[in-house]
Amino acid sequence: DEQVNGARVQTIDQAQASVAAARAERDAAQINRQRLDVVAPRDGRIDALPFKLGDQPPLGATLVSLLSGAAPYARIFVPSSRRAALVDGMTCQVRVQGVDSPYTATLRSLRSDPAFTPYYALTGDDASRLVYRAELVLQGDQVQALPAGLPVQADCDTP
């Protein structure tokens, strides 16, 4: 009975404290292991892996570049002469280099600030050099297979 329960109350308390400490160390080790797991914040396709197996990336470095989102999009730059004619939600035709048929796309966003603003380009003849960044969401089943980074040309007819 003494071997199973211990000789004193202090010995039993010490053994219970040792068990609790071992459980706490196990829980801390599991949490540390979970912190080392790399988990994507959402579904996507891997675009680039900047580091090789065994490399030690610097603190805060990007480990994986993901292509995510429900549908691929095209980033275009609209000249200032066409900026006023475009509105969110309008339909455009996008030609992807290397693909014969055009894709239908919807204008998702159009920046209000120019993408290129040199100090002298706000007045006079140089104001026509300003461009505005826009994003077009491509539609159709075939767009999921398109690789990233292909050059595109968009035609957004205004009504």
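Start by selecting Arg 108 in this predicted model: with a relative accessibility of 41%, Arg 108 counts as partly exposed.

Is Glu 135 buried or exposed? Glu 135 is buried, because its relative accessible area is 13%, and the limit for buried is under 20%.

Next, bring in Arg 75, whose side chain also forms a salt bridge with Glu 135 (3.8 Å, N to O). Here too the partners come from distant parts of the chain: Arg 75 sits in strand β3 (residues 73–79) and Glu 135 in strand β6 (residues 131–138), 60 residues apart. Arg 75 is partly exposed, at 40% relative accessibility. Show Arg 75, Arg 108 and Glu 135 together, and you have a network of salt bridges.

How many salt bridges are there by this rule? The count is three. For another one, select Arg 26 and Asp 27, whose closest N and O atoms are 3.2 Å apart. Arg 26 is partly exposed at 46%, and Asp 27 is partly exposed at 34%.

Last stop: the surface. Select Val 38, Ile 46, Leu 49, Leu 63, Val 64 and Leu 66, which make up a nonpolar patch with about 520 Å² of accessible area together. Zoom in on Val 64, in the loop between β1 (44–48) and β2 (65–68). Val 64 counts as partly exposed, at 31% relative accessibility.

Note on methods
Residues numbered from 1 in each chain as written. Predicted model: local features only at pLDDT ≥ 70, side-chain atom pairs only at ≥ 80, totals over all residues. Heavy atoms only, no water. Patch = residues over 30% accessible without salt bridge, like charges linked within 9 Å, V, L, I, M, F, W, Y side chains within 5 Å. Areas by Shrake-Rupley, 256 points an atom, 1.4 Å probe, with all protein chains shown as cover. Salt bridge = Lys/Arg side-chain N within 4 Å of Asp/Glu carboxyl O. Helix = DSSP H or I, 4+ residues; strand = E, 2+ residues; numbered from the N terminus. Buried < 20%, exposed > 50% of the residue type's maximum accessible area, 1.4 Å probe, protein only.
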